[in-house]
Amino acid sequence: MPDFGNDGTRTVTVYNPSVNPNSAAGEYLGYTLTVAGGNPAFVYTCADRDPISRSDQFPGHPKATYTWKLQKAGEVLPLIVGSDRNGYDACSVGMSFLGAVRYDLTINLCNNDGSVKKVIQQISYTSNDSRDYYAELLGVTWA
Amino acid sequence: MGISRRVLASVFVLVALVTSCCAQDCTKEAQYGPWLNCRMLARKNVAGAAAQAQLNKTNEPIKKNATNGARQQDSPAVSGNSNSLVDQSSASDLVNLALNLAKLTPTTSNNNNPTSVTVTTSAYALYAAANYHDPLDPDFYSRNRNWRRFFVTLGQDVPKMTASTSTADPHANRYGTVIGFKTLILNSRDISDPKNAGAFSNVLDALSHFSSAQDKVSVDIHTAIPDIDTKFAKLSAQESQTVDQIIDKYVTAFTNMDQVATDAYNQIKNKRQWALSYTADLRDGLGYNQHSIQSVLDWGVTPRLNWTTNFGAEIYDAKKFGPIRNGGSASTDFQYRITENPKQTQPIAFSLSGYGEWLTNVAPTYKVQGKLTIPLGQKTGVSLPISVTYASRTDLIQESHTEAKFGFTFDAAKIAAALLPGVQ
């Protein structure tokens, strides 16, 4: 029985369903998505705005590693995106396996100076079925 | 009578809905994200079952399975012991091993030796190895697309008979060295081909809607049930109903994503591919050196049916033991995906092939082959091709001949993902 889609495997190293970054202290979420395959196709969305960014907007696409940040304010797409929602927000990384066979997602809660305060999610996804897709959800409440 | 039919139809729809609903056991999910994904899938299936029932009323056929594509896994057809009569236009991006184990005929039942072994790799895989680069790095993969137009095959044909059992066909007693080159002239199925950008754009659009819908569902559920992150496994009936109602508001985005992903896959897989190939089966002084130059065209006729056709020139160089035979050959192959369930990534497939060869100094040869390819598991990259071939004549024996064979194929690209290192 696949974890998702027709052939998907989701392997969790670290998983937290939600996170509470302290925006007043300059905390932000740092995303790293590493891809194996010929043509990555992924999106990053939050509840109130869609899409925030998609793979073909990143400089140098296609490439092996994509990074971006989610912080309370200060949007510079696509590397830094902001959230102006108060209270609970939900953001997802949606990944298609049409042109990729593996994604490795890491979400870190980072301090103002860029150091990692906590690993929030570290998950690998593989599939050999090009029709498969998956969206990893993270609840975000800004303090 | 009409009432009975209506009752039966209603029962069918009810059973379909209940089955779809309860087949999705989300209580086993230990994490909130996968649990929500599971609940969304369950609601999507309910909506899908209702739509399916509506379509069934109109007898509209639903065939959304994927084609097998045109990646050759068997030995080249020129190998006398190949399970294929027809070569396909491309091979694995990485490395493909084909092992034709034995004929299933009684004459060789006591012989467990392989009758041919070939290894096929793309120039791309060699280029990546030469550069010590991960072949599945998207940037490298995209930049070096043209290296995937070239493939090389090396292998060996082992004699069909030992020298002591045959004196009629010296050629068949000799070991053969198989060498092949293939060039993809038309490579429309390459995922990094800019012409396929439209399919990717459609997927990204649908994925954005899907992902955003999931976010909105999560926020709405969190508003209704603030501690959903921790109590999702112990919802009351009322809360569970609330979750379903919220998901149903966005269910269209989920069903659309499935359709777009399948359409994009079929759009790329059904494109045409055209290759030119040269294959040689070289033997010592008592065997023919066989040279074959072929045009190979692949076409995904429907999502479950792929058509391949080859035609080209054949040279049998007999050196000093006989006359050289020159001429041409033509072949065609229909590969049908038997496995209807689209969840099977390594489907059972049946192919029917025809082959004709017209050479100087010898009567024409005609062959017909049926081949069943049975996968060993769904993530192994390994499959067993079993074929039955009728030939109007074999190489030097003027009589009709039927033989059955089975083999073994292994596609490295299919398991490469599982072997890649995790996040550091």
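A residue is buried if 20 or more other C-beta atoms lie within 10 Å of its own, exposed if 12 or fewer, and partly exposed in between, with C-beta atoms placed from the backbone. Helices (H or I, at least four residues) and strands (E, at least two) are DSSP runs, numbered from the N terminus.

This is a predicted model: local features need pLDDT of at least 70, side-chain atom pairs count only at pLDDT 80 or more, and totals for chains, interfaces and linings use all residues. Residues are numbered from 1 along each chain as its sequence is written, while chains are lettered from A and ligands numbered from 1 in the order in which they are written.

**Exercise 1.** Find which residues of H7(B) are buried, and say where they lie.

*Solution.* Start with the buried residues: Val243(B), Ile246(B) and Ile247(B). Look down the axis of H7(B): the buried residues fall within an arc of 100° (directions from the helix axis to the C-beta atoms). They therefore line one face of the helix. Now turn to the other side of H7(B): Ala237(B), Gln238(B), Gln241(B), Gln245(B) and Lys249(B) are exposed there.

**Exercise 2.** Work out how E9(A) pairs with E3(A) and E10(A).

*Solution.* Two strands pair if DSSP finds at least two bridges between them. Take E3(A), residues 28–37: 10 bridges join this strand to E9(A), and the two run antiparallel. Thr34(A) has Asp104(A) in E9(A) as its bridge partner. Next take E10(A), residues 116–126: nine bridges pair this strand with E9(A), again in the antiparallel sense. Here Tyr103(A) stands opposite Tyr125(A).

**Exercise 3.** Explain why E9(A) is largely enclosed.

*Solution.* Nine of the 11 residues of E9(A), residues 100–110, are buried, so the rest of the structure largely encloses this strand.
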